[in-house]
Amino acid sequence: MSFMKTTALASVLAVTGTAVLADCPVTEGRLSLVGNEFPAIQSVAALAQECMGEGTEASANLTADHQKINVAGMSGNPAEYTSAIIANSSIVALINEDVIRPLDDLIAEYGQDIPDLQKITIDGQVMAIAFMANAQTLVYRADVLEQIGVDVPETYEEVLEAAEMIREQGIMENPLGGAYAAGWNLAEEFVNMYLGHGGQFYEAGTPQVAINNEAGVKTLEMLKALSEYMNPDYLTHDSNATSAEWEAGNVALMNMWGSRSGVLMDEEGSEPQVYENTKVAPPLTVDGGDIPASTLWWDGWTVAKNISDEDAAATFQALAHATSPALLNDKTMGEAVWLIDGYEPAPVNEGVLAATRMGTQPYPMLPYQGLLHTALGDNIADYLQGNETAEQALSDIEAAYTAAAQEKGFLN
Amino acid sequence: MKHKSFFWFVLPSSIAMLLFIFFPILSVLLQSVFTEHEQVIKEVRNCGPFGCQTTTSIDQEATAALREAEPLGRFVGLGVYFDRGHLALSEVAQLWRESAGLGAFFDRLLNLPFYKAIAFTLTYTFVVTPLTIVLGFVIAVAVNSAARAIRGPLIFVSLLPFIITPLVGSLVLFWMLDARGIIGSAMQVLADDPDLSVKASTPLMWTMLMVYGVWHSAPFAFIVYYAGLQTVNQDTLEAAMVDGASRWERIRYVVIPHLLPITTFIALIQLMDNFRVFEPIVSFSAQAHATSLSWAIYNDLSGETRQLSSAAATSFLTIIGVAILLSPVIVRTYRDFTRK
């Protein structure tokens, strides 16, 4: 994590650039989008569809299950979807299956205004254009911290101390929250905490997993220590359920997605005492490390490989327009931490911006990371429930990953 | 029936079975003995909004050449069946050598994903199936002896759990059982334990999944038994009454023997259904406590990297499991058939 990179990002986020629009409306070709469903992506998809002129086809399929259909929908020839909106973890599946095309020629022709910051380059070729950043950061209740007389925690150790005080003083029984649902969410918490401990997932440059070490054990121990201050049902709480617990006023401190924090601070779903005191802070560090125990994410768009050049050009132009400064207005400005020129951060975005400044690691973009994530999600709960030791859980994870990686041909 | 007319009579259904049952199973079998090619990994430099990193990626050109040479993938035989994610032969052998006693062996065996899944699947099957049959029978007898005027509404209400989509039905129950839900809170008061949580305890979660299973499938047993009750010979029943048989004796010696073939049918269907238990585990978010074979298939396919061969192998093991489970009933039916 270089100083150069973070300053570059910060300056682009702060400076209003010159707005240059792609050629809109597009007059020929087809746009068919598949992507996740949240306000920021809905805004992008709507603007892209608007850009498609008469005599063209435009459609968008935005769903939380997008990852289950995008590879299949782009494998045919011609592909059903001309573009998939993805994040840094899910682009890997598209690259592994070789269903998206390099964008360099299209950028040369239609996208000279796209800043380098937005280009996702893999092995020298631009494979996606990012438009927003996301990260999990601390969300806290200012009134509760004031009541116990504690500053905003900066480390997980301070969070544990604060949680103990809140419980002791009888303010809340289970003051911590977190998306610890067994499966993807719990695995993501492990990834965050393990990176915060300075851990490496693999032996350098190989798909050979290496998490059964001191950092791994400390990571599991910290997750367990935190879980003891959570609602006893924590293993079934995903981001939605955790947000509901927050809005019900049952939680005072939690690690939550930047893209989901805005909802907690609006007037819907909770009492004024809760939403007025909901504040966002930088991500936490752990065990004396300087790298936050969190991961950076980007969301971006791709262009399918198995489509005609005409459709690819249309898709590229429409999406380039939809993620240009033309997107930003009063309504869309607060929806995300946009990587687009002219973006002005709102207070709710402070956490994610701090995460980029603090050198938070991006979620690993490796062809076999998805297999490790699944293995983590399946095996951590046994340890948290006290059924086995941390070392046993870690060795189970390694064994499960190794079996899967052998089957997929990554390991012999 | 002449052989020729028999042939033409069964031809349409044979073709349908071939197309929709036999070929799909064959394709699953094929999928399970082939896996992906060895991946050619190359080192690449990735750049994005958060800076540049040296990392690895799949070499597409090399992979395309491999795919061209062997379109089905790498033949591994039963390799996937025997790996740690499935039957885990070498791991089980190692546990057997290392474990002090049988208890320790089984304890550690349940740490392996396949055996963990099969433990819950079998427990679920053998608890839920008999309870479903008994409860279905009791409801059928009760409804059958109710006044004619209220039978219609009674049947409708009794069938409701079966009509509701499993995913929705179990979600409703899930929220009622939440520590802040109506049943969850009631249990805390009754047990006088404010920390009691169904979702946090493995035995309670297993119990809840089985309660749900019985609740959901008892109406099926009920409606089949209810239909069967309409065919009970009234003369025999009256004769039994004249002989002074009590209500229980009439049920025990007239009704139950009459319904025995129906019971075999319900048991067959329920064994198959329960062995494939899936929806409640997803809607109860129970994967931390209970997994089943069907859930394992779903888990393989829903990760960011899909494990098709692993899912196919588990599917085939499920088919074998169902076949083993049903074999006693089928053997019995066959014997009955040939005796006649």
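**Close-up views of chains A and B**

**View 1. A strand of chain A meets β2(B).** Thr121(A) stands opposite Cys47(B) in β2(B). The model shown here is predicted. Strand β4 of chain A, residues 119-122, is joined to β2(B) by two bridges. The two strands run antiparallel.

**View 2. The side of chain B that touches chain A.** Here 44 residues of chain B are in contact with 57 residues of chain A. Four elements of chain B each supply at least two residues of this side: β2 (41-48), β3 (51-58), α14 (293-302) and α15. β2(B) gives the largest share, seven residues. By residue class, the side of chain B that touches chain A holds eleven nonpolar, 22 polar and eleven charged residues.

**View 3. Helix α14(B) and its cover.** α14(B) is mostly covered, with seven of its ten residues buried. Which residues of α14(B) are buried? They are Leu293(B), Ser294(B), Trp295(B), Ala296(B), Ile297(B), Asn299(B) and Asp300(B). The cover over these buried residues includes an element of chain A, α16 (369-384). From chain B, α6 (113-144), α13 (279-283) and α15 are also part of the cover.

View 4. α1 of chain B spans residues 3-33, which makes 31 residues. Its end C-alpha atoms are only 38 Å apart. A straight helix would reach 45 Å at 1.5 Å a residue. Where does α1(B) bend? The bend, about 45°, is at Leu11(B). A proline, Pro12(B), follows within four residues. Why does α1(B) lie largely in the open? Of its 31 residues, the number buried is three, so α1(B) is largely uncovered.

**View 5. The buried end of α1(B).** The buried residues in α1(B) are Gln31(B), Ser32(B) and Val33(B).

View 6. An unreviewed UniProt entry carries the annotation "transmembrane region" for several spans of chain B, including residues 6-30, 117-143 and 310-331. Residues 6-30 of chain B are 100% helix and 0% strand, with end C-alpha atoms 32 Å apart. Residues 117-143 of chain B are likewise 100% helix and 0% strand, and here the end C-alpha atoms lie 37 Å apart. The unreviewed UniProt entry also gives "domain: ABC transmembrane type-1" for residues 118-329 of chain B. That span is 79% helix and 0% strand. Its end C-alpha atoms lie 21 Å apart.

**View 7. Strand β9(A), buried on both faces.** β9 of chain A covers residues 295-301, and seven of its seven residues are buried. Thr295(A), Trp297(A), Asp299(A) and Trp301(A) point one way from the strand. Leu296(A), Trp298(A) and Gly300(A) point the other way.

**View 8. The strands that pair with β9(A).** Strand β5 of chain A, residues 125-141, is joined to β9(A) by six bridges in the antiparallel sense. In this pairing Ile129(A) stands opposite Trp301(A). Strand β3 of chain A, residues 83-87, pairs with β9(A) over three bridges, again antiparallel. Ile86(A) stands opposite Gly300(A) there. Strand β11 of chain A, residues 361-362, runs parallel to β9(A) and is joined to it by two bridges. Gln361(A) in β11(A) is the bridge partner of Thr295(A).

How values were computed:
Residues numbered from 1 in each chain as written. Chains lettered and ligands numbered in written order. Predicted model: local features only at pLDDT ≥ 70, side-chain atom pairs only at ≥ 80, totals over all residues. Expected span 1.5 Å × (residues − 1). Bend = angle between axes of the 7 residues up to and from the residue. Buried ≥ 20, exposed ≤ 12 C-beta atoms within 10 Å, placed from the backbone. UniProt positions renumbered as here; feature names shortened; annotations may be inferred. Contact = placed C-beta atoms within 7 Å. Nonpolar A, V, L, I, M, F, W, Y, C, P; charged D, E, K, R; others polar. Pairing = 2+ DSSP bridges.
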